[in-house]
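Subject: Structure for you to look at

Hello,

Please find the structure below. My notes on it follow.

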Amino acid sequence: MLSDYSMVSSDGDESSSYAENTEDDTEEDVFFQLSGVGVEDSGGNRGKLVTINQYAQDVVDFSSQYGSDTSISYTAYNVTGKPSKYPDYGDFPETFAFRTYGPWWKLAPSAQQEFSPQNFSDAPPPVDDYILLRFEEPVYPETIEVFETYNPGGIIRIWAYAEEWICLWDISEADQSCMLIERNKARVFAPRLRHCTEPTRYIRMEFNHAHLQYSTQLDAVLLVGQKFVPCGGLRGKHPLSPLIEKGPIQKKLELEKFRPVATANREEILQEFLRNGLDEFVQGLSQRQSSNEEDPDESHPEESDSRSETPSADTNPTVPELTLDRLPYEVLFKVMSFLDLKSLYRCGRVCRTFNQIVAVNSLLYAEVNLKPYWNCVSTALLSSLMKRCAYTKKLDLSWCGSFNKLTATDFKDFLSVCGSNLTHLRLNSCKFLTTGSCLESIGSHCFENLRELTLQNYHPEQEDFSGLYYFRNLERLDLNRTTINTQSLLIVLARNEHLRHLNLAFCSMDVNMDDIALQISKYNRKLISLDMWKSHSLTSLGLEALSKCTLLEEVDFGWCLREEPSPGESVRLLVKACPRLRKLFMAAIRGLTDRDLEVIASSCENLEQLDLMGIMGISTEMCYRILCRCPKLKLLDVSFCDNLDNLQIALWRDCFDVAIKRSFVDFGAPRGSEF
């Protein structure tokens, strides 16, 4: 069973069912004595709190994974259920791993710059990846334990969903225990969570990989929380709800120094105040405000002193006061252009002058990046932006719209008004795209100017990609982990001869990558980067065709050509034809030998990143030759290359300014890996 949970009452005894918890009167008495909570909830139901320990039942969503959907190795679903490897430390296929690590992907030729970088100025480290988990029982979260079995320390934020997103923990709140990471040792990460007043069964964890030496791996996630269980079996609200929840009137009164005591009859006291004491309270506020206006010198003596020392008008002519109305419009607009999206909306509430700038001038919204605000993007926000984005050229809606906060109709309405000027559109992991023929709307409204389109994790209910046929000027197309078919992809490639960056990683198994490679060699010879990670249908025939793309600076053929007994000739041909290569990933191409890799040492003087993970045929001598002859090399992955001398690798780390990755699984003592 994917979800294993037990219920513990406040006295610590475990129970196997709700019935056992509710039928024992002795336990119930002890519980209420310890908790200090009455025997009835807000709905009048009699019951008690139980603590539930449960592992993740299902994976709702994730941004990336190392494994493919047709495999069980390194996939997101390995994080469900109980730990399978903890407390062992190492690189285990039975765990979940993201695809990227460190800063390397952001330094590659295919790296994308974030739109509206001011949105990230005062935030914690940017989020690189996320995973959203579902648990069986909704609880008030008390503890979350994350079992990290390889390169721990990537988690920067934890969220819970209960009609709205609630941040339970942020890296800015990390204490010493959170930052303590022992080298080559698994850990259980259990940060101190913020108080949550709503039950939840959805937990989202966000990661930043910039400081990680290698990919982080998760074995399991345990959620510990409380649930109210009525004696009659009905499920009511948390019995503390009447003492926790505050209405808008009370919040306003507390801001005005009115702080009623939280007692059991609080509602009666508040009602009595509203009937008989509110007028007197407001009148007192008005009197205090008027007295401050009549005698400003008494309330601000320092201002009075400074005014008394000011020279008279006879010796110093009066200088007109500088106000917002006197500032040139261009100056105000320039100031506003440096603000992030949230600040722009706040400025619109300050005064009419500001509102006329931020709500009317569409030039402030030439770039709109909603990815940092994924948790609060809604139909209302997109409708509001529709009035401001007449000249928007770059839009990022990645990760937005979970739990139907955005719908296909919302998105299509926005495109109908603001889509014609778009040149860049990023829609990675957008669930609302799966219905309502959104791709068709993108094509019909954005075909004229669109240069960049990213659709990572796009799985439409009806696998129709004909909306891509509209485009003729695409320069970047990201179809990572989509279900596009061979025929549709062939048409898109033929119609977009200006493509510079193409991502086809994890594409459908039905796609014939040899046919795609032949099409690229015919129509898309100006490609700079090509990602075919885990394209199992690619053979030497396709690789030879790609050698005609001589401008390539980045290629990823990881886990391709695995059925090829000797792919070396095609690899040599491609490497010789592409002298500009800066990134070359050939992980797990098992048929390569030293003779095939010699061309890297002799032809790749610009190479910066090289992945040879899992290539059994490489020797220590050839690896050393590559290090010596590639002066710009910064990353070398030789994990699971069994013929290499570990002592020599340790010496290379001291001699070369290269991050050499050497991951392996060690079941002996001590457990771990060396970097």
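Helices (H or I, at least four residues) and strands (E, at least two) are DSSP runs, numbered from the N terminus. Counted that way, the protein has 21 helices and 23 strands. This is a predicted model, in which local features need pLDDT of at least 70 and side-chain atom pairs count only at pLDDT 80 or more, while totals for chains, interfaces and linings use all residues. Residues are numbered from 1 along each chain as its sequence is written, and side-chain values use heavy atoms, with hydrogens and water left out.

Overall figures

Of the 675 residues, 50% count as buried (buried is under 20% relative accessible area, exposed over 50%, partly exposed in between, with a 1.4 Å probe and protein chains only). Contact means heavy atoms within 4.5 Å. Among contacts with a separation of 6 or more, 76% are between residues 24 or more positions apart.

Aromatic rings

Rings of Phe, Tyr and Trp (its six-membered ring) pair if their centres lie within 6.5 Å; planes under 30 degrees apart count as stacked, over 60 as edge-to-face and the rest as tilted. The structure holds 26 such pairs. One of them joins Y66 and Y74 edge-to-face, at 5.2 Å centre to centre and 75° between the planes. Y66 also pairs edge-to-face with W533, with 5.2 Å between centres and 75° between planes. Y66 sits in the loop between β4 (58-62) and β5 (96-97), and W533 in the loop between β18 (529-531) and α17 (540-546), so this pair ties together parts that are 467 residues apart in sequence. Both Y66 and W533 are buried, and Y74 is buried as well. Elsewhere, one aromatic cluster is formed by Y89, Y101, W105, Y150, Y214 and F585.

Charges over rings

A charge sits over a ring if NZ of Lys or CZ of Arg is within 6 Å of the ring centre and within 35 degrees of the ring normal. R388 lies over the face of Y345, 4.1 Å from the ring centre. The charged end of K534 is placed over the ring of W559, at 4.8 Å from its centre.

Helices

Two packed helices are described by the angle between their axes and the distance between the axes. The axes of α15 (residues 486-495) and α16 (residues 513-523) come within 9 Å and cross at roughly 10° (axes are lines fitted to C-alpha atoms, for helices over the stretch in contact, and angles run from 0 to 180 degrees between N-to-C directions). That makes α15 roughly parallel to α16 (under 35 degrees is roughly parallel, over 145 roughly antiparallel, 65 to 115 roughly perpendicular and the rest oblique). On the α15 side the contact is made by T486, L489, L490, L493 and A494, and on the α16 side by D515, I516, Q519, I520 and Y523.

In α19 (residues 594-603), D596, L597, V599, I600 and A601 are buried. Their cover includes α18 (568-577), β20 (583-585), β21 and α20.

Two loop positions

G614 is in the loop between β21 (609-611) and α20 (620-629), and its relative accessibility of 10% is why G614 counts as buried. Not counting residues up to four places away in sequence, G614 touches A588, S639, F640 and C641. Q462, in the loop between β15 (452-454) and β16 (476-478), counts as exposed because its relative accessibility is 66%.

Regards
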